[in-house]
Amino acid sequence: MSGLLLLIPIALFLGLAGLGAFLWAMSNGQFEDPEGAAIRILIEDEGESNVQGS
Amino acid sequence: MDQSSNPAEFQTDFAPLEDSRFAVPGMRCAGCISKLETGMGSLPGVVAARVNFSAKQLAVTHEASINDRVLIAEIGKLGFQAQPLSANPLGRDDRERKRLIRALGVAGFGMMNVMLLSVSVWSGAAGTTRELFTWLSALIGVPVIAYAGRPFFDSALMALRNGRTNMDVPISIGVILATGMSLYETIAGGGEAYFESAAMLLFFLLAGRTLDAVMRDRARAGIESLLRQQAPGAMVLDASGATHWIKADDLAPGDRMLVAAGENLAADGIIERGASQCDISLVTGESAPQNCGVGDRVIAGAVNLSAPIAVRVTASGRDTVIADIARLMDEAGQSRSRYVRIADRASRLYAPAVHTLAVVAFLGWMIAGAGWHHSLTIAAAVLIITCPCALGLAVPVSQVVAAGALMRRGVLVKDGSALERFAQIDRALFDKTGTITLGRLKPLDLDRLTQEQGAVALALAQASRHPIAAAIRDELAARGITPASLGDLAEQSGEGMRGTYRGQQVSLGRPQSAENVDGSVTSLSIGDVHINIRLTDALRPDVTAAMDQLRQMGVPASIISGDRVDAVNAVAQAIGIAAQGHALPRDKIKAIEELQSAGHRVLMVGDGLNDGPALAAATASMAPASATDMGQQAADAVFTGDSLIAVPVAIRAARKTMRVVRQNFALAIGYNALAVPLAFAGLVTPFVAAIAMSLSSVLVVANALRLTRAAQ
């Protein structure tokens, strides 16, 4: 029983943290461009000067 | 959306900033992203450029002095075609979707946590542990259900207020009843709690609804937003000779507008002074420019291409040709809005049945002397178990999967009802210009040019906005030719582009000889060498294959076009189908209505503004991505790419989808037929409800996933 008193708040906290992270990601536009995010990793930033110009 | 507001913080140091968004369908890889972002970002006056690859869009933050046309030309130089998007194409629908997703997240969280607690109750927790867990379930369940159920409660309330009933009414009653009963049991202690059933029901139903909304938004973002800017007003010359700016709505017949080269016309009128060429592709979808001189009629929305003209307004605002066609389109679209979606048809039968069953169960147990508490519990169980959990998923999941498959093939379907209507099609009508043909001029003789001549031609062509120049530019740029550097570049109205190249006079424009009857020949001169470049409006690729496939599917096709009869017949003979020429927008609607009253379901494929009413009147309609804005708005589906094969592909995918939807209905209803007697007998415990609900949902979703390859 005393184990439960510890575990249940932990489980609830983790669940809430997940929900909070999801809601944050939604409002922060993290899901706006999933395909682009997957592809951007492949871009090589060799022309630094160009990038800074933007 | 938050990202776009960041650059505005620096606004004080610079000229006023503006955000513009463009659809750039040609981006395919990481290279394209960096090319667009660095290429556009390094332009003077551009503060930031950001690509959204999923939506195939480019957002540019720039000084207000740069207009969209300049930016499009710059994107063109990078090798991409772009179309301007309205500032915020998403807006309200986007909020609706986000609200649903948020509710879905909350329901998912609640469902999992309550389920965790319920599993231990079912596996034999007793005494204080059981009481504690039930109380925890209530603490999580009640707020979660109150939040996640709001979309259903709102909709049910709306329906009841209007004296109707819809699927959301039994859902809401079931959820509220189950939650209320469980809360009572929790406080009184002892009985079974249904919190996890209610949360799970909401979760599955929200999943179906969210999918539906996501599909609608995704397609709409691609289509609705291709709004070309119409002229907001015009410079008007008053009696005293002064000019001032008047808004389009305030223009009156008799006003004299001055229209500079490159501007849109804000009203219909007759040319009083000047001679130019007009791009009326907005109205007809045809890109070959029309010559227009003093006394010719011009219409609002046309683009004045080469020289300034003065136009006496004959009709403005709501009286213009465009406004008239828009009205016709509205009227024609009303017949389609009467179409009832299959899910709604099902729920019309289903909702009263569910209510009756629940009431019968309640009364039956009351008569049997079970007491109101026990009877109410059983009625709640009946409502929960019959709630169209699988039914609510059956249609949207199938349609979303099919629409996703079609989207990968380049067909954007606007909503689920469009797919249902596509499945019924048994006749197809095609417009000619821009639908059977590409609707844009394609230069024929570029192979004869040397590398150097090509470079000069490209340099001349890309400095002009003329459609012929644009056609030559696109074709040359696609061949990887880099423009030569020219001096003294100048556009001479009505004649073409001039410049100097290594000391020689070069030009691209109207040929000296008189063979230029329909404006489809242009001449490239370098020094004394003159080369004529012919342009033609070619048939779309795969036209015959598409027609063959349609015939095999039992969908005979024919052409209905506003073009000259002989031009239409020539095309019709080339592809071997029947044709009707010289058809006005009203004639097209009439042809469709005649077919419909003969019992046919007609598919209209068209692109021009003149097709708009027909697109709206047909059972289902399709437009190419090159279509006019109105054409795209009126159509149920838009296909990107040039190939007409998209039409049979869409119909075939829609038919497969409906087959799967019917199977899903059978699965869902079969499950209910099994479960309802159990619920009636009072044997449905929360445990049984949870198992039955998730099993049937998984089955329906798995069946729908078979559609991933529907568009092949």
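## Contact between chains A and B

B:Glu37 and A:Arg40 form a salt bridge, with the closest N and O atoms 2.8 Å apart; the term covers a side-chain nitrogen of Lys or Arg within 4 Å of a carboxyl oxygen of Asp or Glu. The count of salt bridges between chain B and chain A is one. This is a predicted model, in which local features need pLDDT of at least 70 and side-chain atom pairs count only at pLDDT 80 or more, while totals for chains, interfaces and linings use all residues. Residues are numbered from 1 along each chain as its sequence is written, chains are lettered from A in the order in which they are written, and side-chain values use heavy atoms, without hydrogens and water.

Chain B contributes 28 residues to the contact and chain A 26 residues, contact meaning heavy atoms within 4.5 Å. About 2400 Å² is buried between the two chains, 68% of it on carbon and sulfur atoms; buried area is the accessible area (1.4 Å probe) that two parts lose on being put together, summed over both.

B:Leu707 lies in the segment after helix H24 (686-704) of chain B, helices being DSSP runs (H or I, at least four residues) numbered from the N terminus. B:Leu707 counts as buried because its relative accessibility is 3%, where buried means under 20% relative accessible area (1.4 Å probe, protein chains only).

Beyond its neighbours within four places in sequence, B:Leu707 contacts B:Ser398, B:Val401, B:Ala402, B:Ala405, B:Lys656, B:Thr657 and B:Val660. B:Ala653 is 54 residues from B:Leu707 in sequence, with a C-alpha to C-alpha distance of 8.3 Å.

Terms used
Helix = DSSP H or I, 4+ residues; strand = E, 2+ residues; numbered from the N terminus. Buried < 20%, exposed > 50% of the residue type's maximum accessible area, 1.4 Å probe, protein only.
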